[in-house]
Amino acid sequence: MRGYAAALAIVALVSAGGVLVLPDLALTNLAMPYLLGVVGIAVRYGRGPAVLCAVGSVVAFDLLFVPPRFSLAVHDFEYLVTFAVMLLVGLVSAELTARLRAEAARAAAREQETAALYAAAERFAGCYAAEQAAEIVQDVLRQQGGVRSQLWQSNAGEAPAECGGDLPAACVPTRALSLALEAEAAFDWADPPALEHDLHVQPLRVAGRPRGVLVAELSPAAREMRTRELVAALGALAATALERLHYVEVAQRTDIEMARERLRNTILAALSHDIRTPLTVLVGLSDALAASPLASAPATAQTLASLREQALALGAFANDLIDMARLQSGVALRREWESMQEIVGAAVATLEPQLAHHRLRIDVSAELPLVECDAVLAARLVANLLDNAQRYTPPGCEIRIHAIAPPGEMRLLVADDGPGLPAGDADALFQPFARGQLEGGPSGSGLGLSICRAVAELHGGRIDVRANTPHGCIFEWVLPRRDMPAIEEEPTA
């Protein structure tokens with residue numbers, strides 16, 4: 001109302017001035033102050049008051065200055081043209097000035113919005129938690145458009161987690177969040193529960209990966225403003241911040257895991273080396289005592305034999321620790337072209353006393369192609385698989401070794417007639433210190449299968465386990481194989 005009152009005041013002021021100077025000016029010159037007043041009102045108050053000022057100026061000019069005065073009647077056609085031109089110029093000036101004013105207001109709003117986004121980008125760069133990102137989004141949307149918002153974080157395969165905002169999370173349908181994690185573009189959600197206004201849902205994606213969802217309330221005032229564009233710009237900044245926070249968290253976890261692994265390997269290596277020396281002394285002392293006259297009594301001889309057996313078992317455990325630490329820290333392979341039959345034979349020879357109570361069936365043909373591997377580590381892998389089989393296979397049962405050579409691979413299978421796979425994840429058997437039977441099972445360090453997997457991966461292969469029929473397990477070592485290079489024959493004399 002202030003603008004319309006100002007328009008009438010300008011008309012009255014110009015008219016009063018025209019009455020005072022009428023004897024000194026021509027009537028056509030009085031139209032100029034009226035037009036100037038219309039432009040001023042348009043600049044200051046916009047289109048509506050300017051139109052009122054233009055119409056009022058024409059009416060006042062006709063009543064006060066065009067004969068017959070104080071009447072809307074016009075006796076001269078020339079003044080009708082003057083009225084039409086005056087009204088047209090006033091209306092056009094009002095329209096153009098109002099447009100310029102609106103453009104200036106939009107430019108100022110965009111400048112303010114850009115400044116707010118720049119300040120938000122600086123704040124995003126320094127945030128260290130998703131809750132801070134949600135607070136930044138909330139502040140910008142509230143200050144720029146009085147819009148309430150809520151931010152969710154979600155990495156690939158994870159359910160969205162609420163980060164914060166002044167829009168109640170319970171008012172956002174779960175279905176909208178699910179669609180946003182799958183959608184590429186933003187969309188509006190009508191009739192949300194417990195809200196009078198619609199919602200604008202903005203998916204947050206970086207390089208095609210979902211990082212979260214930004215939801216803003218679309219009030220009537222927000223619909224008239226550039227709220228959707230502002231939400232999209234803030235969403236891009238928030239998505240980048242959430243991406244950075246995600247990788248910072250991943251890097252921190254990786255550093256912690258690496259430090260834990262280095263510490264564990266260091267402790268295992270130091271402990272195993274410190275244990276092996278006194279164990280060697282214990283074995284030597286037990287052998288010396290067993291050969292002395294002090295061991296003539298059966299009880300003493302049995303005690304010394306048990307002491308020697310336990311010292312050797314602890315020594316084998318220390319050797320496993322050393323080997324595991326060495327394999328995990330990286331070891332250079334001494335690759336040679338080896339026969340799988342000889343590798344299996346070497347492994348069987350090292351376990352001959354333990355395998356004496358089982359029926360061993362070996363199906364490894366001498367016609368199999370040679371494989372390029374580290375013979376010592378390969379024999380250790382096979383020996384560990386056989387040792388694991390004989391521990392869990394009852395005496396008198398059969399242990400089978402079978403090797404085949406499909407194209408590009410060598411497959412070695414060790415099958416037993418033991419109790420089978422434990423309940424749960426069978427892959428956990430290859431973790432360090434994992435045991436197939438935690439209570440009442442055979443003794444062992446729990447490192448044998450871990451060493452097998454480490455050796456298999458060093459050779460670029462893998463080792464798997466599956467259930468045997470009707471019972472037991474089958475461990476399969478898959479070794480990549482390439483053709484052996486041709487050997488040139490020596491020239492005959």
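Here are some friendly notes on this predicted model, point by point.

1. First, the ground rules. Residues are numbered from 1 along each chain as its sequence is written. In this predicted model, local features need pLDDT of at least 70 and side-chain atom pairs count only at pLDDT 80 or more, while totals for chains, interfaces and linings use all residues; side-chain values use heavy atoms, with hydrogens and water left out.

2. Strand β1 (residues 149–153) pairs with β2 over four bridges, in the antiparallel sense. Q150 has G165 in β2 as its bridge partner.

3. Do have a look at E243 in helix α8 (residues 227–291). This residue is buried, at a relative accessible area of 9% (buried means under 20%, exposed over 50%, partly exposed in between, with a 1.4 Å probe and protein chains only). Neighbours within four places in sequence aside, E243 is in contact with V206, R209 and R211 (contact means heavy atoms within 4.5 Å).

4. Now the charged pairs. The structure holds 16 salt bridges (a side-chain nitrogen of Lys or Arg within 4 Å of a carboxyl oxygen of Asp or Glu). One of them joins D417 and R400 at 3.6 Å, N to O. D417 lies in the loop between β10 (409–415) and α12 (448–458) and R400 in strand β9 (residues 398–404), so the pair ties together parts that are 17 residues apart in sequence. D417 is buried at 17%, and R400 is buried with a relative accessible area of 17%. R359, E398, R400 and D417 are linked in a network of salt bridges.

5. Which residue forms a salt bridge with E476? The partner is R466, with the closest N and O atoms 3.2 Å apart. E476 sits in strand β12 (residues 473–480) and R466 in strand β11 (residues 462–467), 10 residues apart. E476 counts as buried at 9% relative accessibility, whereas R466 counts as partly exposed at 38%.

Technical notes
Two strands pair if DSSP finds at least two bridges between them. Helices (H or I, at least four residues) and strands (E, at least two) are DSSP runs, numbered from the N terminus.
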